[in-house]
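Here is a protein chain to be read through a series of questions and answers. Please look at the sequence and the model together before going on.

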Amino acid sequence: MGNVSNPKRELILKTGKALFWKFGFKRVTVEEICKEAGISKMTYYKFFPNKIELVKTLMDTVMQESLERYNKIMEREIPYPEKVVAMIHLKRDQIETMSSEFFRDYVQSGDPELISYLEQLTRDSMQKFTDDFKKAQENGDIRKDLKIEFIMYMTNHLTEMAQDDALLNMYDQPQDLVMEIINFLFYGILNRDTHQ
């Protein structure tokens, strides 16, 4: 099918997303998606061979949208610190719109195909961030004495820190903790003379 937009396919994606976001995808069946969308199972299977393919397509859509928004930020002709602020806002939006039910099911699925797919998507976006951090370092926006690998390592561990109960208990909302970590990471790597 490729990226050819088809009203029925869009309807399946929209319905699948609504149900998965609310209940996670383990509990939702293809039958329920079809019933909710008012389509036959035959129509469903015309576009998606199974439930996992729909899950992957939704995850891909979410990642692609984030990446497009991220790229737009990086392409803007604004000082680097402003890009960082925009990135922080983007991250907050992502955290607030990503359903924890869906994400929990995804990470805990134990499905080799889903796990390797997420790893591939993560690798692609990490490569992009690494390249952009390198560029920022060459431009003098980020301290030159920091290893990019170290920055990436720290970035990867944000997620783990954000799930730490001892830390979570210090904040009213999990989102507040995530923002704190991101603020700490970014404002700790900016050159002092660029951070007014």
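A residue counts as buried under 20% relative accessible area, as exposed over 50% and as partly exposed in between, with a 1.4 Å probe and protein chains only. The model is predicted, so local features need pLDDT of at least 70 and side-chain atom pairs count only at pLDDT 80 or more, while totals for chains, interfaces and linings use all residues. Residues are numbered from 1 along each chain as its sequence is written, and side-chain values use heavy atoms, with hydrogens and water left out.

Q: Is Lys128 buried, exposed or partly exposed?
A: Lys128 lies in helix α7, which covers residues 112-138, where helices are DSSP runs of H or I with at least four residues, strands are runs of E with at least two, and both are numbered from the N terminus. Its relative accessibility is 27%, and therefore Lys128 counts as partly exposed.

Q: Which residues is Lys128 in contact with, leaving aside its neighbours within four places in sequence?
A: Contact here means heavy atoms within 4.5 Å. The C-alpha atoms of Lys128 and Asn71 are 9.3 Å apart in space, although the two residues are 57 apart in sequence. With neighbours within four places set aside, the residues in contact with Lys128 are Leu67, Tyr70 and Asn71.

Q: Is Met74 buried or exposed?
A: Met74 is found in helix α4. Not counting residues up to four places away in sequence, Met74 touches Tyr80, Lys83, Met87 and Asp132. Because its relative accessible area is 17%, Met74 is classed as buried.

Q: How many helices and strands does the protein chain have?
A: Read along the sequence, the pattern of the protein chain is α-α-α-α-α-α-α-α-α-α. The count for the protein chain is accordingly 10 helices and 0 strands.

Q: What percentage of the 196 residues in the protein chain is buried?
A: The C-alpha trace of the protein chain spans about 60 × 40 × 25 Å along its principal axes. The chain exposes about 12200 Å², of which carbon and sulfur atoms supply 52%, with areas taken from the Shrake-Rupley method with a 1.4 Å probe and, for residues, only the protein chains shown counted as cover. Of the 196 residues, the buried ones make up 38%.

Q: Are α1 and α6 roughly parallel or roughly perpendicular to each other?
A: Axes are lines fitted to C-alpha atoms, for helices over the stretch in contact, and angles run from 0 to 180 degrees between N-to-C directions. Helix α1 (residues 7-23) and α6 pack at an angle of about 85°, with their axes 5 Å apart. Angles under 35 degrees count as roughly parallel, over 145 as roughly antiparallel, 65 to 115 as roughly perpendicular and the rest as oblique. The relation of α1 and α6 is therefore roughly perpendicular.

Q: Which residues of α4 and α6 meet?
A: The axes of helix α4 (residues 51-75) and helix α6 (residues 100-108) come within 12 Å and cross at roughly 120°. That angle makes α4 oblique to α6. The residues of their contact divide into 6 nonpolar, no polar and 1 charged. Those that meet are Val55, Lys56, Leu58 and Met59 in α4 and Phe102, Phe103 and Tyr106 in α6.

Q: Is Lys17 buried or partly exposed?
A: Lys17 lies in helix α1, and its C-alpha is 9.6 Å from that of Ser99, a residue 82 apart from Lys17 in sequence. With a relative accessible area of 35%, Lys17 is partly exposed.

Notes: Nonpolar A, V, L, I, M, F, W, Y, C, P; charged D, E, K, R; others polar.
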